[in-house]
Amino acid sequence: MKEKELRRSLSVLPIGTVMKLTGLSARQIRYYEQKNLLAPKRSKGNRRLYSLNDVDRILDIKDYLNAGLKIAEIKHIYDKKRKQAAKQNHRMSGQISDNEARQLLKNELLNIGHLQSDFPDHHNYPV
DNA sequence: CTTCTAACA
DNA sequence: TGTTAGCA
């Protein structure tokens, strides 16, 4: 893993900061976690600690919601990303088809290999 | 002072 | 979702 990614995955932001960064209430941020859309780390004092990736995900969730998606649907999107990411690593060993190569490149551009972002609608990079 | 959980005049 | 109580 590259250090740039490591920093984005470092959980160091208290919920108060995330509130300002996302414009959401603590209630909402905690609610999304309860729905399993988030999994922030915890400090020794049991305080939630968010990473920049978490903030990005929260921003995405915010957009998905405004786009009319329901919590359950958003959850499914992330579950599928999870499997898709695992499938990529597993396939990394042998040769990949031309189609898979295109799919992989597209994922890179969509910033998915890192567990989030993308919506079949807006981001539509020519692959 | 900030955050946490649980609960609802 | 907001808000509030009672802790840590």
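## A buried leucine in a loop

A residue counts as buried when its relative accessible area is under 20%. Leu13 has a relative accessible area of 15%, so Leu13 is buried. Keep in mind as you look around that this is a predicted model.

Where does Leu13 sit? Its place is in the loop between helix 1, residues 3-8, and helix 2. Leaving aside residues up to four places away in sequence, Leu13 touches Val18, Leu21, Arg48, Leu49, Tyr50, Ser51, Leu52 and Val55.

## The chain as a whole

Chain A has 6 helices and 2 strands, and along the sequence they follow the pattern α-α-α-β-β-α-α-α. The chain has 127 residues, and 29% of them are buried.

How much of the contact in chain A joins residues 24 or more positions apart? Such pairs account for 54% of the contacts with a separation of 6 or more.

## Where helix 2 meets helix 4

Helix 2 covers residues 15-22 and helix 4 covers residues 52-66; their axes come within 10 Å and cross at roughly 45 degrees. An angle between 35 and 65 degrees counts as oblique, and helix 2 and helix 4 are therefore oblique to each other. The crossing of helix 2 past helix 4 is right-handed.

Which residues make the contact? Helix 2 brings Val18, Leu21 and Thr22, while helix 4 brings Val55, Ile58, Leu59 and Lys62. By type, the residues of this contact are 5 nonpolar, 1 polar and 1 charged.

## The nonpolar core

The largest nonpolar core holds 17 residues. Those with the most contacts inside it are Val18, Ile29, Tyr32, Tyr50, Ile58 and Ile61. Two or more residues come from each of helix 2, helix 3 (26-34), helix 4 and helix 5 (71-91). Helix 4 gives the largest share of this core, with 4 residues.

Not counting residues up to four places away in sequence, Tyr32 touches Leu24, Leu37, Leu38, Ile61, Leu65 and Ile71. Ile61, among these partners, is also one of the residues with the most contacts inside the core.

Terms used: Residues numbered from 1 in each chain as written. Chains lettered and ligands numbered in written order. Predicted model: local features only at pLDDT ≥ 70, side-chain atom pairs only at ≥ 80, totals over all residues. Heavy atoms only, no water. Axes fitted to C-alpha atoms, helices over the stretch in contact; angles between N-to-C directions. Parallel < 35°, antiparallel > 145°, perpendicular 65-115°, else oblique. Left-handed = near helix turned anticlockwise from the far one by under 90°. Contact = heavy atoms within 4.5 Å. Nonpolar A, V, L, I, M, F, W, Y, C, P; charged D, E, K, R; others polar. Core = buried A, V, L, I, M, F, W, Y, C linked by side-chain atoms within 4.5 Å. Buried < 20%, exposed > 50% of the residue type's maximum accessible area, 1.4 Å probe, protein only.
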